[in-house]
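I have one model to go through this morning. Have a look at the sequence and the structure, and then I will start with a single contact.

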Amino acid sequence: VEAGATVTLEGFASDVEDMTLPDAAFEWSLNGAVLGTGSRLTTTLPEGDHTILLAVTDSHGNRTEATVAVTTGIRVESAQAQDGSLQLSFRAAANQA
C-alpha cells in the first residue's frame, strides 16, 4: 500500500448468541487513535509503520480484537482472532484507482 493511498478495511465477526453483529459493534483504530466504526471503513494511511486494530463487542459486552502491522509500500496482511464464541477476521486492501 502506498503512503496516502485510500484503503478499505473490512471486518467480519459472528457470535453464537447475536449471530450477525451490527456495524456499531465494530471499532477501528490506527496507532491507538480511533478511526471510526462499522464493518467496512475507508481511510488513508500516512507514510510509515502502523498498527491497525479492529475491536468487536457483542451485546453481552464480550470484546475481542485483531491487529495487524502495516508498513506503507509493503503488502498489507490480514488478521484473525477468537474470544469464546466471538470470532472476527479482517483484511485491508488498497483501492484501485
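The backbone nitrogen of Glu-17 sits 3.2 Å from a polar atom of the Asp-15 side chain. That is a polar contact, meaning a pair of N or O atoms within 3.5 Å; within protein, one must be able to donate a hydrogen and the other to accept it, and residues adjacent in sequence count only if both atoms are side-chain atoms.

This is a predicted model, where local features need pLDDT of at least 70, side-chain atom pairs count only at pLDDT 80 or more, and totals for chains, interfaces and linings use all residues. Residues are numbered from 1 along each chain as its sequence is written, and side-chain values use heavy atoms, with hydrogens and water left out.

Back to Asp-15, in strand β1, residues 6-15; strands are DSSP E runs of at least two residues, numbered from the N terminus. Asp-15 has no salt bridge, and Arg-63, the nearest side chain of opposite charge, is 14 Å away. A salt bridge needs a side-chain nitrogen of Lys or Arg within 4 Å of a carboxyl oxygen of Asp or Glu.

Next, Ala-24, in the loop between β2 (19-20) and β3. Ala-24 counts as exposed because its relative accessible area is 68%, and exposed means over 50%. Its C-alpha atom is 8.8 Å from that of Thr-57, 33 residues away along the chain.

Finally, confidence: pLDDT runs from 0 to 100, and the chain mean is 81, with 75% of residues at 70 or more. Strand β9 (residues 86-94) is lowest, at a mean of 61, and strand β4 (residues 33-37) highest, at 96.

Key: pLDDT = per-residue confidence, 0-100. Helix = DSSP H or I, 4+ residues; strand = E, 2+ residues; numbered from the N terminus. Buried < 20%, exposed > 50% of the residue type's maximum accessible area, 1.4 Å probe, protein only. Lys, Arg positive; Asp, Glu negative; His and termini not counted.
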